[in-house]
Structure formats: C-alpha cells, structure tokens
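Please find below a colleague's note on the model under review. The coordinates are shown first, and the comments come after them.

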Amino acid sequence: MTKCIFCKIITGEIPSANVYRDEQVTAFRDINPAAPTHILILPNKHIDSVNVLIDDDEQLIGHLFTTAKNIAAQEGIAEGGYRLIMNTGAGAGQTIFHIHLHLLGGAPMKHPMG
Ligand code: AMP
Ligand code: ZN
C-alpha cells in the first residue's frame, strides 16, 4: 500500500517544520499558511477522513483537540482567538486524505466562513 504524503511526513521521509510529536499525534506548520499561525495536527495512524471514523478513534480525536489547545497556548494565540478546522471531503476543500486539524490564528478572522 502506498503511503500518503502525511504518513511520509510522520515517518520523516518528507521533511516538515515540526511543532509537536507524541505517540499518538504529530503537528507541523502548514507549507502554505492561511494565517500567521497555521499548524496541522494529525494522528500518527492513517485515517482517510471523518467519514471513516470508528468508535475506537474517539480518544484519539479528543487528543487532537487537547493538543491543539496546548499548541495554541505555546504559540501565544490562545487569548487572541483561533480557529480549528477539519475539512471533510473534496467538496469541503479536503485535499489530503489523512485526517488533520488546521489550527489557524494570529490575526483577526471574519465569520461566517464558506
Ligand atoms: P486540506 O485541504 O484540509 O486537506 O489541507 C491540506 C493542507 O496541507 C493544506 O493547507 C496544504 O497547504 C498543506 N500541505 C500540503 N503539503 C504539505 C507539506 N508537505 N507540508 C506541510 N503542509 C502541507
Ligand atoms: Zn496517511
């Protein structure tokens, strides 16, 4: 089975600007940032998208969010506000089918999105 680009980043076959790593998740800076702080947080295990999550993934997905919170504090954007996005499916803008949370912050954002 061929590895996806994010699996290759996790194993170090493709370089990235690493921000955080533990047994369950990896975080690195987005190569094409959409905000002053734009970090991707993903499970080390390959999961295509939210559409294929199973009950056993619940702790892992929760861990993505607590990791995002910790990184937001570390990056100094927790007080100013940040946005967490998980695109699901091509129609929503998902281009890499290895589930990932976008952490965006560091500048005022408009709402609503879309
Ligand atoms: P999505 O469109 O939600 O699937 O998000 C994919 C994100 O991955 C985009 O924001 C890309 O800029 C980012 N990206 C693609 N390749 C790399 C890479 N090699 N290193 C870091 N970020 C990447
Ligand atoms: Zn993958």
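1. Basis. The model is predicted; local features need pLDDT of at least 70 and side-chain atom pairs count only at pLDDT 80 or more, while totals for chains, interfaces and linings use all residues. Residues are numbered from 1 along each chain as its sequence is written, chains are lettered from A and ligands numbered from 1 in the order in which they are written, and side-chain values use heavy atoms, with hydrogens and water left out.

2. What the site connects. Cys-7 belongs to helix H1 (residues 5-11) and His-46 to the loop between strand S3 (37-43) and helix H2 (58-74), so this pair ties together parts that are 39 residues apart in sequence. Helices (H or I, at least four residues) and strands (E, at least two) are DSSP runs, numbered from the N terminus. Cys-7 is buried, at a relative accessible area of 13%, whereas His-46 is partly exposed at 31%. Buried means under 20% relative accessible area, exposed over 50%, and partly exposed in between (1.4 Å probe, protein chains only).

3. Ligand 1. There are 16 residues around ligand 1, and Asp-30, Asn-87, Gly-93, Thr-95 and His-102 come nearest; the criterion is a heavy atom within 4 Å. Oxygen atoms of the ligand lie 2.7 Å from a polar backbone atom of Gly-93, 3.0 Å from a backbone N or O atom of Ile-96 and 2.9 Å from a polar side-chain atom of His-100. Taken alone, ligand 1 exposes 510 Å², of which the protein buries 84%; these areas come from the Shrake-Rupley method with a 1.4 Å probe.

4. Nonpolar core. The largest nonpolar core has 16 residues, and Ala-27, Ile-39, Ile-41, Leu-64, Ile-71 and Leu-103 have the most contacts inside it. Such a core is a set of buried Ala, Val, Leu, Ile, Met, Phe, Trp, Tyr and Cys residues joined through side-chain atoms within 4.5 Å. Strand S2 (25-29), S3, H2 and strand S5 (101-105) each give two or more residues to this core, and H2 gives the most, with six.

5. Local features. Ile-9 is found in helix H1 and is buried at 13% relative accessibility; its C-alpha atom is 9.1 Å from that of Phe-28, 19 residues apart in sequence. Gly-76, in the loop between H2 and strand S4 (82-85), is exposed at 62%. The C-alpha atoms of Gly-76 and Gly-105 are separated by 9.4 Å. Finally, the peptide bond from His-111 to Pro-112 is cis, with omega near 5°, and Pro-112 lies in the segment after S5.

Terms used
A polar contact is a pair of N or O atoms within 3.5 Å; within protein, one must be able to donate a hydrogen and the other to accept it, and residues adjacent in sequence count only if both atoms are side-chain atoms.
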